[in-house]
Amino acid sequence: MLTPSQITEFQQKLAESKTIAVCTHYNPDGDAIGSSLALRSYFTSHGFEVKCVIPNNMPEFYQWIPGADTIINAQKSLKEAKKILQEADILFLVDMSAEHRSGIDIENILLETSAYKVLIDHHPNPAAQCALIYSITSSTSTCENIYLFLNEITNKPFLNKELGICIYTGIITDTGSLSFACNNPETYTLLAKLMEIGIDGEEIHRKIYDNYSENRIHLLGLSLNKLKVFPHLGTSYMYLTQKEMKTNGFKEGDTEGFVNYGISLKGIFFTAFFNEREKRIRISFRSKGDFDVNRFAQTYFNGGGHKNAAASYHYDTLENTIQYFEEIIHKHPELIRGLIT
């Protein structure tokens with residue numbers, strides 16, 4: 001929670017400001033987009049000029065979210081994105097624990113800006129250089145923390161349908177449609193409030209999860225066909241090559257959620273999904289129960305995230321990366337043995 005002095009300081013900065021920028025992490029997901037646009041919705045309605053910047057393309061199935069058409073993509077409009085971030089009076093960093101999560105094109109701008117910087121996040125160990133850090137790791141999502149933050153800085157009702165759609169999107173996408181990291185009664189109290197103001201959860205779910213391209217389904221089929229399972233280790237993994245993605249017209253977001261199929265198997269408590277990119281391998285990790293994939297990602301792949309969901313980049317070939325992963329799980333069966341005995 002914010003202290004009274006933090007609230008006063010932030011409100012004073014608001015009173016002195018006209019422009020607000022919001023920036024999130026590379027490869028923005030539903031929580032990143034939702035939290036960015038939630039802040040845009042709130043502060044725009046209070047008379048501020050608000051612009052959201054994303055480092056690269058967002059998935060097509062998030063482009064219906066209110067305000068998504070106003071987002072500046074730094075990959076396509078780097079000069080404009082830099083200008084927005086450099087000239088903002090207040091800069092919000094959302095859903096990323098440190099500036100480097102934004103990618104090499106804009107990391108230094110985030111570090112060097114003279115704007116009053118505010119971090120709103122839910123990842124462990126926030127390291128961003130911000131004047132104000134609002135990070136609650138026990139919440140479902142950064143979107144839930146956006147609601148909590150706004151609830152602390154104002155004593156007036158602020159929820160409306162546009163803002164609620166953004167918050168709801170982040171909550172359901174960061175919990176796998178309320179299937180993990182969501183055992184907090186407060187979360188369901190918030191969801192009830194969103195229903196009361198007219199949020200159609202079923203419609204939002206359809207727009208996200210029933211709005212995929214044919215190419216995505218082909219890629220999923222290829223991934224599932226290469227599923228490898230180690231029953232005695234409670235572990236599985238899948239992978240896609242860069243050639244397979246190019247052949248099937250890959251777009252950012254097409255492989256989002258693929259990793260969850262590997263954890264859906266009976267007796268499997270830990271899974272990984274390897275996605276071959278240009279000069280690096282993107283790895284997604286998921287787990288059930290007490291196995292901490294955040295710690296695993298940090299220890300072996302210089303990555304991070306949450307207890308049951310994490311990610312990293314590995315700078316090697318796909319073949320070597322998978323071989324390294326297999327060596328780890330076979331040399332250290334104690335990592336998960338306690339979960340399957």
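In what order do the 6 strands of the open sheet stand, and is their pairing parallel or antiparallel? In this predicted model, the order is E3-E2-E1-E4-E5-E6, and the pairing is parallel.

**The open sheet**

- The edges of the sheet are formed by strand E3 (72-73) and strand E6 (132-135), each of which pairs on one side only.
- Within the sheet, strand E1 (residues 19-23) pairs with strand E4 (residues 90-94) in the parallel sense, and 4 bridges link the two; valine 22 has phenylalanine 92 in E4 as its bridge partner.
- Helix H2 (residues 30-44) packs on this sheet, where it touches E1, strand E2 (49-54), E4 and strand E5 (116-121), and the direction of H2 makes about 170° with that of E2.
- Helix H5 (residues 142-153) lies across E4, E5 and E6, and runs at about 125° to E5.

**Helix H2 and its helix neighbours**

- H2 packs against helix H6 (residues 161-174) with the axes 8 Å apart and at an angle of about 160°; because angles over 145 degrees count as roughly antiparallel, H2 is described as roughly antiparallel to H6.
- The crossing of H2 and H6 is left-handed, and the residues that make the contact include Gly30, Gly34, Leu37 and Ser41 on the H2 side, with Leu163, Cys166, Ile167 and Gly170 among those on the H6 side.
- The axes of H2 and H5 come within 8 Å and cross at roughly 25°; since angles under 35 degrees count as roughly parallel, these two helices are therefore roughly parallel to each other.
- H2 passes H5 in a right-handed crossing, and among the residues that meet there are Ser35, Leu39, Tyr42 and Phe43 in H2 and Thr142, Ile146, Leu150 and Ile153 in H5.
- Asp31, Gly34 and Ala38 of H2 are among the residues that take part in the contact with H6, and Asp31, Gly34 and Ala38 are also among the H2 residues that meet H5.

**Strand E10 and its partners**

- E9 and E10 form a hairpin with 2 residues between them, and lysine 279, which lies in the turn, has a positive phi of about 65°.
- E10 is also joined to strand E12 (residues 309-314) by 6 bridges, and these two strands run antiparallel.
- In general, the strands of a sheet pair through backbone hydrogen bonds, in either a parallel or an antiparallel arrangement.

**Serine 284**

- Serine 284 has a relative accessibility of 12%, and because buried means under 20%, serine 284 counts as buried.
- The side chain of serine 284 makes a polar contact with the side chain of arginine 282, at 3.2 Å.
- When residues up to four places away in sequence are left out of the count, serine 284 touches Val259, Thr271, Ala272, Phe273, Ala310 and Ala311.

Conventions:
Residues numbered from 1 in each chain as written. Predicted model: local features only at pLDDT ≥ 70, side-chain atom pairs only at ≥ 80, totals over all residues. Heavy atoms only, no water. Buried < 20%, exposed > 50% of the residue type's maximum accessible area, 1.4 Å probe, protein only. Polar contact = N/O pair within 3.5 Å; in protein donor to acceptor, adjacent residues only side chain to side chain. Contact = heavy atoms within 4.5 Å. Pairing = 2+ DSSP bridges. Axes fitted to C-alpha atoms, helices over the stretch in contact; angles between N-to-C directions. Parallel < 35°, antiparallel > 145°, perpendicular 65-115°, else oblique. Left-handed = near helix turned anticlockwise from the far one by under 90°.
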